[in-house]
Amino acid sequence: MNEIGINDDTLTLYYYRDGLTAAERARVQAALERDVALRERYEQLCADLGGLAAPEPVPAAPDAVARWHDSIERAARIEHQRATPGKRAFHLPSFTWGAAVAAALVVGIGIGSYLSGNQVPEPSINDGVAGNELPAPASPSATFARGLAVHLQESRQELAGLPIEASSERAMLLTHMIQQNRMFERAAVENGSQDLARVLRAFEPILVRLAAEDISPQDAEALQAQLAFELNVVLTKYRRNASEDAGPI
Amino acid sequence: MVAVLERGALPTQAEFHEAISNRSDRWFSACLRITHSRELAEDAVQEALLAAWNKRHQFHGDSSLETWIHRIAVNAALQLIRKQRPGIFEPLEPDEAESADSPEDDVANHDVGDTLAAALRHLTEIERVCFILRHMEQWKLKEIANEVGTNEGRVKQALFRGVKKLRVKLVDMRSQ
């Protein structure tokens, strides 16, 4: 510290033009003008800091850049799907879809019998329920049933395409799946369909475990297979109900 | 080269792709300097891009789209290291020993590969981050304090210590 109380810390703030009041800056300015030794110290500080330029950018890995481009593509696609519900309303990450389903439930759809009273058959992973075409909705309850079926179906498809390695994309997809699942579960509870709510609730711990950052690829693969199987069971049930009963499911 | 498209009220998808093509190395480098991890830096850029896309209605053109995303990426990098290494920005005693380098640090420093990167190895995390944000990213001290989750006085102290260490190390390196 020199005789007028200006040390290198103050000079550092003066250099960055930050952290000093206008009065403090004026005091440093005046001191620099009259104190040669202080000015020399400041010039050395400027030279040192001025030489610390940001290094040349490090090239990002090509696959990372490709992933960044892809993330924008996906985000734009999801947004487009949300904006055009009539063409493909039920994409998994779409909150619009969830809101539409919830609205349908509010008008009083009876879904309590969805899973009640029938024994669930043992399905095959490769049976025909994964087809993309589902019956067109004929009533509010059919709309809900179709939405639920698509939710389960696309959940299974998303799971099949889920990256095995932990990544932000994987976490984002799983978070959306959990949120969607909760939305359906809440709607089921509010409408008195405890069986359906219980089935949906059972999916969540698996999804949460899948979303864990520290899950091993082997565990993730096993959990995804388990979840795909259970989704298949419910989808098989849905299909059977739909073919047996054209009325409320 | 991506054609210049008609600009509407919001940045377009094409403009995002063009920004990625032109500037993602700089975003990645800034995040790498902060995180010292290629994986975290890549994740930070990814999160920043998604956040920027989802919040692009908040982009008013005060800066370029690239600069806006750069800022979001640096924020994402800070959040990631805070999440992954809780307590990383806790205040340190001024005479605390320099942090040991991990193999990951070696990789990151090799990537950055210059005298400054070598000197930065001798700073603690908070000193390094405060110096990088103030000196290279031109953040204000208050902004750094807000994002790091501390107060301006601690940011100043970290900056002072960082600058002192860097100057000493650079003198040593030049004399060798």
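Predicted model: local features only at pLDDT ≥ 70, side-chain atom pairs only at ≥ 80, totals over all residues.
Residues are numbered from 1 along each chain as its sequence is written, with chains lettered from A and ligands numbered from 1 in the order in which they are written.

**Exercise 1.** Work out how far helix H2 of chain B reaches.

Start with its extent: H2(B) covers residues 38-54, 17 residues. From first C-alpha to last it reaches 24 Å, close to the 24 Å expected at 1.5 Å a residue (1.5 Å times one less than the number of residues). Next, burial: 13 of the 17 residues are buried, so H2(B) is largely enclosed by the rest of the structure (buried takes 20 or more other C-beta atoms within 10 Å of the residue's own, placed from the backbone).

**Exercise 2.** Find which helix of chain B gives the most to the side that touches chain A.

First, the overall contact: 36 residues of chain B meet 24 of chain A (contact means C-beta atoms, placed from the backbone, within 7 Å).

**Exercise 3.** Describe how H7 and H8 of chain B cross.

Take the axes (lines fitted to C-alpha atoms over the stretch in contact): they come within 8 Å and cross at roughly 105°. The two helices are therefore roughly perpendicular (65 to 115 degrees). Finally, the contact residues include B:Leu141 and B:Val148 of H7(B) and B:Val155 of H8(B).

Definitions and conventions: Helix = DSSP H or I, 4+ residues; strand = E, 2+ residues; numbered from the N terminus. Buried ≥ 20, exposed ≤ 12 C-beta atoms within 10 Å, placed from the backbone. Contact = placed C-beta atoms within 7 Å. Axes fitted to C-alpha atoms, helices over the stretch in contact; angles between N-to-C directions. Parallel < 35°, antiparallel > 145°, perpendicular 65-115°, else oblique.
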